[in-house]
Amino acid sequence: MKKKALAMVLTGVMAASMLAGCGSSGTKEDTAKASSEEAGTEAATEAATEEAAASTEAATEPIESTPANGGKEGTINLWTFTNEVPGMVDHYLKDHPDFPYKVSSTIIATTDGAYQPALDQALQAGGDDQPDMYCAESAFVLKYTKGDMQDYAMPYKDLGIDVDKALKDADIAQYTIDIGTNTNGDLDALGYQATGGCFIYRRSIAKDVFGTDDPKEISKIIGGGSGSFDKFWEAAKKLADKGDAIVSGDGDVWHAVENSSDKGWLNDAGQLQIDPKREAFLDISKNLTDNGWSNITQDWQDAWFADMKGEGQKPVFGFFGPAWLINYTLAPNCGGTKTGEGTYGDWAVCDSPIGFFWGGTWLLANKNMDSKKTDAVKQLIEWITLDTSEDGLQYKWANGTLNGEGGTKDAVASGTVMSKSDGKLEFLGGENMFDYFVPANQYANGKNLTQYDESINQIWRDQVRAYAAGEKDRDAAIKDFKQTVSDNLGIEAAQ
């Protein structure tokens, strides 16, 4: 799906710039969509990167989608940070020629932190040009559902959606609901993509080291679903004995650690705290470095991509990630387009030892929109986030038919849809990825996020890398982390 690939590229751009010190959107570090801290210097193919740049440039002017009837009732304003949702809206308007509104999409990339301030200003200004619908990704969505800007969101029930029934019928993963629920307990936002994470590994390395590439057996070997990394590190030792790295870099483990922690970065008093599981990442990163269990790469950098095609310092066994990592990062960087080329077809998916999610985009409605638009906005949001029929966005996306047969298949928000969809991929040796991504979404935790995660994660990972490299001791890394958060964000550490 070209539009999706582009969205991933932009997300990736966000992530890498985030890791490099710029505010990005993905906290993939965080979306592919990366879920953003993400955004790599390179993300997929050169062509996709060029298209992403062109799209970002063109986004200075709203892009208008018009149904066959001309949209006689007026215009719905959509604000977002990639052309992904506008592309979905295009499909909806083509399939629903009687939809009464045009849709004007304002796309502002998250690079350099541009999107959020512009969106905030537009929501606060109100008027005819205010956003009627808007998108937020995992790196900053809590700001709009539970944080400083939550008062602008219209609860889905006020759109006329029977929320409880719709969530149950669609089997929406709880973590996405938790993230989209405001402080009053009402659902303000939902995503359309499922970003629960699994472990994605090389079949050839599995056979060589463990004697099997069966996902069920590899799950057991690495402690899939155990809630512990103990067996994973045992597997790392066996891989190291064969000259292989279990992961490319510490970032491949960070997303599992971050989103499986019991507590977020802030306590109830708004003070900085370090969950023990996140603090343990210091030891994880250092062990990966000192024991040779990784190639010490940094996500979204050239060396990370090289490991995907098997051209790194040592062969890398696998990567932690959601389905988007397969479709929009691993596949474009595997060195081939069919089985036998590069590492294409040499991959499989199994359970992660720890439940986590990485990335995602949530859709919100503006409670201050013209009330005449409410039903139309409801139709769009329902079709994208909750419709489980074969005519809905999610069924078409899950089965790769949104742009015709043979398109990219992706994990979607609805477990109901994935249970009746075909998730088999040639890239995975014919494995049905939904067999593992559906349960992965149920294990993910959405209660440990804050609206400051994007910035705090970047600071933490900088200090962890310095510690793992031997540039400072553990106490100094923690002290410098707390001081940098205080200096940059004005958040003091709990005593």
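Student: Which residues are linked with R203 in a network of salt bridges?

Tutor: K207 and D213 are linked with R203 in that network. A salt bridge here is a side-chain nitrogen of Lys or Arg within 4 Å of a carboxyl oxygen of Asp or Glu. This is a predicted model, in which local features need pLDDT of at least 70 and side-chain atom pairs count only at pLDDT 80 or more, while totals for chains, interfaces and linings use all residues. Residues are numbered from 1 along each chain as its sequence is written, and side-chain values use heavy atoms, with hydrogens and water left out.

Student: How many salt bridges does a search of the whole structure find?

Tutor: The search finds 20 salt bridges.

Student: Why is the contact of K143 and D120 called a salt bridge?

Tutor: The N to O distance between the two side chains is 2.6 Å, which is within the limit, so the pair qualifies. K143 belongs to helix 5 (residues 142-145) and D120 to helix 4 (residues 115-125), 23 residues apart. Helices (H or I, at least four residues) and strands (E, at least two) are DSSP runs, numbered from the N terminus.

Student: How do you know whether K143 and D120 are buried or exposed?

Tutor: Buried means under 20% relative accessible area, exposed over 50%, and partly exposed in between (1.4 Å probe, protein chains only). K143 has 14% relative accessibility and is therefore buried; D120, at 10%, is buried as well.

Student: What makes K242 and D208 a salt bridge, and which parts does the pair tie together?

Tutor: Their closest N and O atoms are 3.8 Å apart, so the pair meets the criterion. K242 lies in the loop between helix 10 (230-241) and helix 11 (251-258), and D208 in helix 8 (residues 203-210), so parts 34 residues apart in sequence are tied together. K242 is partly exposed because its relative accessible area is 48%, and D208 is partly exposed at 45%.

Student: What distance separates the closest N and O atoms of R461 and D250?

Tutor: The distance is 3.7 Å, and the two residues form a salt bridge. R461 is in helix 20 (residues 453-468) and D250 in the loop between helix 10 and helix 11, so the pair joins parts 211 residues apart in sequence. R461 has a relative accessible area of 1% and is therefore buried; D250, at 8%, is buried too.

Student: How do you know that the structure holds zero disulfides, and what about C198?

Tutor: A disulfide is a pair of cysteine sulfur atoms within 2.5 Å, and the structure holds zero. C198 is buried, because its relative accessible area is 1%.

Student: Which residue of strand 7 is the bridge partner of C198?

Tutor: The partner is G321. Four bridges join strand 6 (residues 198-202) to strand 7, and the two run antiparallel. At least two bridges found by DSSP are required for pairing, so these strands pair.

Student: What makes both faces of strand 7 covered?

Tutor: In residues 318-321, G318 and F320 on one side and F319 and G321 on the other are all buried.

Student: How does the span of helix 16 compare with the expected one?

Tutor: Helix 16 (residues 374-385) has 12 residues and reaches 16 Å from its first C-alpha to its last, close to the expected 16 Å. The expected span is 1.5 Å times one less than the number of residues. Nine of its 12 residues are buried, among them W383 and K378.
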